Amino acid sequence: MSKRLYVVEDDLFFAQRVRAAAARLEVPVEGLSPAAARSRAWQPAEVVVLQATLRPDQQLDLVGELARRQPAPVVVAVTGHLETALRQRLKAAGAVLAAHSAMDRVLARALALSDGGADAPPNHQA
């Protein structure tokens, strides 16, 4: 089953960057609000990406909520390289981490468009 990509649209510029990455990867992307992400019935073959540096405590809560869902989507949290403490907290909450500069590569792996690696999502069963 092919995976589906969603972007939490709480920042216009970030959402545009994700849409551009999705176009380069040739995958459709759907935007949703944080509230819609919380209320959605997720499937394991779905990937949701969010910018974690925007209101980090709220984004961390959202990551934790989504990662605890049964079934849970793959959650990709995008940060800067130097945000070490935030990155550690996001990973502990269940997110796959991506730096802004490596977002395309991490999304490709999360969507199973390329092979795994250190930043690959956990093995989700469909």
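The buried residues of helix α4 (residues 84-93) pack against α3 (56-67), β4 (74-79) and β5 (96-99), contact meaning heavy atoms within 4.5 Å. Helices (H or I, at least four residues) and strands (E, at least two) are DSSP runs, numbered from the N terminus. The model is predicted, so that local features need pLDDT of at least 70 and side-chain atom pairs count only at pLDDT 80 or more, while totals for chains, interfaces and linings use all residues. Residues are numbered from 1 along each chain as its sequence is written, and side-chain values use heavy atoms, with hydrogens and water left out.

In α4, Leu86, Arg87 and Leu90 are the buried residues, where buried denotes under 20% relative accessible area, exposed over 50% and partly exposed in between (1.4 Å probe, protein chains only). They lie on the same side of α4 because they cover an arc of only 100° around the axis, taken from the directions from the helix axis to the C-beta atoms. Gly94 follows α4 and has a positive phi, near 115°.

The structure contains one aromatic pair. Tyr6 and Trp42 form this edge-to-face pair, with 5.3 Å centre to centre and 90° between the planes; rings of Phe, Tyr and Trp (its six-membered ring) pair if their centres lie within 6.5 Å, and planes under 30 degrees apart count as stacked, over 60 as edge-to-face and the rest as tilted. The pair links distant parts of the chain, 36 residues apart: Tyr6 belongs to strand β1 (residues 4-8), and Trp42 to the loop between α2 (34-39) and β3 (46-51). Both Tyr6 and Trp42 are buried.
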